[in-house]
Amino acid sequence: MSDAGYDHATVERRWQEAWDEADAYRTSDDVEEPTYVLGMYPYPSGKLHMGHVRNYTITDAYARYRRMTGDEVLHPMGWDAFGLPAENAAKERDTNPRDWTFDCIDTMRDQMDAMGFGYDWDREIATCTPEYYQWNQWLFSRFREEGLVERRDAEVNWCPHCETVLADEQVEGEAELCWRCDTPVEQRELEQWFLQITEYADELLEAIDDLEGWPNSVRQMQRNWIGRQYGTELEFDIDGHGSVEAFTTRVDTIHGATFFALAPDHPISEAVAEEDEDVRRFIDHEADPDGDEPNGVATGLTATNPVTGDEIPVYVADFVLSDVGTGALMAVPGHDDRDHAFAQKKDLEIVPVIAPEPDEGDEPEAPDVSEEAFTDDGVLINSGDYSGLDSETARERLTEDIDTAEEATQYQLRDWGISRQRYWGTPIPIVHCHDGCGAVSVPEEELPVELPEFINTTGNPLDAAEEWQETTCPECGGDATRETDTMDTFVDSSWYFLRYVSPDLEDAPFDRERTNDWMPVDQYVGGIEHAVMHLLYSRFFTKVLADHEELEHREPFTNLLAQGMVQLEGEKMSKSKGNVVSPQRIVEEYGADTARLFMMQAAQPERDFDWSEEGVRSTNAYLTRLKEMVEEYVAEEPDGDDDAVASYVAAEIDATIALASEEYDDLTFNRALREAQDLTRTLRQYADYTAPHAETYERGLSAVVRLLAPVTPHLAEELWDELGNDDLVVDAPWPTADIDADHVTKRRRLVENTREDIRDIVDVAGIEDPQAIDVVVAPDWKYDALEIAIESDAPNLIGELMQESHIREQGDAAADYGQDLQAEREALSMTLGPDEEYDALEAAAWLIEREFEAPVTVVRAADADESALKNAEPGRPAIEIED
RNA sequence: GCGAGGGUAGCCAAGCGGUCAACGGCGGCGGACUCAAGAUCCGCUCCCGUAGGGGUUCGUGGGUUCGAUUCCCUCCCCUCGCACCA
């Protein structure tokens, strides 16, 4: 009967309806400072996968937990609804992206409801609606007003056959072919719109230090991505081409610069190529910036070292990248690995100019750089007046002394190109005036610029929407053409968390006052794949809005959890591998609660874990058993006494609540759930052993149900109801316990150690059938002695103990115990008191009786034999077994 | 190469200065229940031990400490991110 499971479908449907009716997840606009729990909104592909289920179960469980502890909670959901897959799907199915997207949204919303996720659907947003994307446009215009938007040429992937720009992921394979027509993709310069995120590079970098609620990995990835580097910019003269700017972080090595290198697409390289066949051939055919080998060609030109006046050869080399630094560099093979490799290949001079820091009083000694560069900082040698300086000082002095040099900071972060030549995105609200006004922002009152009807065409459908393009210039009233680029969908997601606060607001993207109350997001949960882009762009938007729209927060997400993957046999689930487990199937077969519980107990949220059908089955069996326990209890209320056993169970209930609550706070659901399941086992053992005390037993069941409620909301409602509660468990108060975790831990350890010791004795002594077991608590004076031993720092502990008359009276026993304490002095820690130990053991005696099938007597020291007391210590009662 | 996170008993996985031979789960073994199987429940699961003892363990080799799975260093291996970054 157990393996049949319970009727989850009925239970789930019943409570989903009840929540609907009660509007259980609605967050009123009036609440102040709700706890904002958010999962990264999904792209509406039409199918919820395991990753989604895990992501949203985490936020749902946390939101429910916080709600039960009495918080107001904001837990909304929406749709990252623009994007290329909709265009492709529309073409395949001969429909349009809009209809397809909304179909998918409807399906996915149903799937989410079926999972029991408690969202405030009144706050739902879909980024593809004009009501939403008009604010993308508004924000674009605001950014432009603040000088944070730029239009300039940029290189893009271009398919000449489809006549469209391709995203990097649409370029396939080494050969770089168009994914749709297999035409080789070209690079093309196109005018593109950029948001100037680099204006905020320093703050985005420095504020990472304060994001203490974020995982280190994500913080580090953002730091790397921004990639700030301090160095020096200086000029080298190249005969016939004037001065060239180079960037270096190691200007201290300038005396060792033995050649100069230019990127293949540097203007001077181009100029040289005009005249020089070899250089031409190198640039056009041989340069391989992706290869491991540094390749290059001599130009025959020389550059003048601004410090030494030396003439050094100039190369065009493919390891020099035009978008790093200035696209030109001074090469110091003695102290840079890559320059070294190139110098060896081209047989160029390698001069050491930095020596390792010598020992005190010794002269610096040149390192051997013939085989390998010495890349550490050190002391300058062979550097004229600068010899003897340390690297850092030398960098400062040289930057000061060289006429053309100045300190410079380089970033790896580039401005954010948001132009996409595609249909299903936010139209960039710009018109191009034919009469010389240039690119003009569409005025606020004319927003949104709505998308025209979808046209099925190979290129950008907006280019084909000729009527839509025709407009007039807002400035001069003359003829104008609409911008046909749409925005990167990361724009949509850079501020959607603000829109949930006031999703229907018609005159602003967000309600300022309420947003200032409600933001930031307290707990954000999503996949690690968004570690850089989405999370960095959101931080950028938040900072811009703080500077220009009176947002009072400079960071959007206080705590971030990057959830791990759901795997199958150690491999990521993916359609191509064909190892996908469908959440829909699991829900049908076992129910949403089982799926949720299995996932949450399988591993910590941030770790990967393996999906296991076995685990799912046993989780389902657990829920079925729990349901039976509640039903049996309700059917016939037991009439047991409030005895020692009941007090043991009562203490375990408190312990479980105390520990599980801490785990919920930390989002370590796996451990919280383990506690709840352990308590379930204790309750079952209790009921098996004796007729339970009804009040205690019910308190235990009630606690288990509520501890599970965040993760298994449907069954929890069902059982809560069966236990006779009128309210919904979503609104029920979180169970409380008046004990501290330390006390709980000590008590559990005492009981566990005692049971363990008895087992050892029975086993080692070969006792077949114990007749009676006495458990003797240590005498009071030993507890006093222990306390003194912990607190005292006197060298002779025994002497210290003997100053207490009631200990001294114990004679040899005191000396023996004192010796033991002395030996373990540093490791001692306080146990429970003698009365507490007695109570704990008395309460746990039934467990021992049950296990060994022998009567157990817990004995106070005062009532015990002298001989038994000898072995009794605080935390470790003496054990006497009669066989 | 740089950076981040890891390496714990047959497997998965907690612990992160003493209470640790090390939670929990799976698998395996034994027992209860059953005609039997399944499910469920109770134990055991590094080695040696006839009263709670001893020995050897937490990737490797060192170090700090009265004491290290826990802190520091070296090296090896895994996973992720960045990478001809000047």
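Colleague: Which element gives the most to the surface near RNA strand B?

Modeller: That's α25, with seven residues. "Near" is used for a residue with a heavy atom within 4 Å of the strand, and α25 is a helix, meaning a DSSP run (H or I) of at least four residues, while strands (E) need at least two, all numbered from the N terminus. Keep in mind that this is a predicted model, where local features need pLDDT of at least 70, side-chain atom pairs count only at pLDDT 80 or more, and totals for chains, interfaces and linings use all residues. Residues are numbered from 1 along each chain as its sequence is written, chains are lettered from A and ligands numbered from 1 in the order in which they are written, and side-chain values use heavy atoms, without hydrogens and water.

Colleague: Why is Thr409 called partly exposed?

Modeller: Its relative accessible area is 33%.

Colleague: What does Thr409 touch, leaving out residues up to four places away in sequence?

Modeller: Arg228, Gln229 and Tyr230, where contact means heavy atoms within 4.5 Å. Thr409 itself sits in strand β18 (residues 406-410).

Definitions and conventions
Buried means under 20% relative accessible area, exposed over 50%, partly exposed in between (1.4 Å probe, protein chains only).
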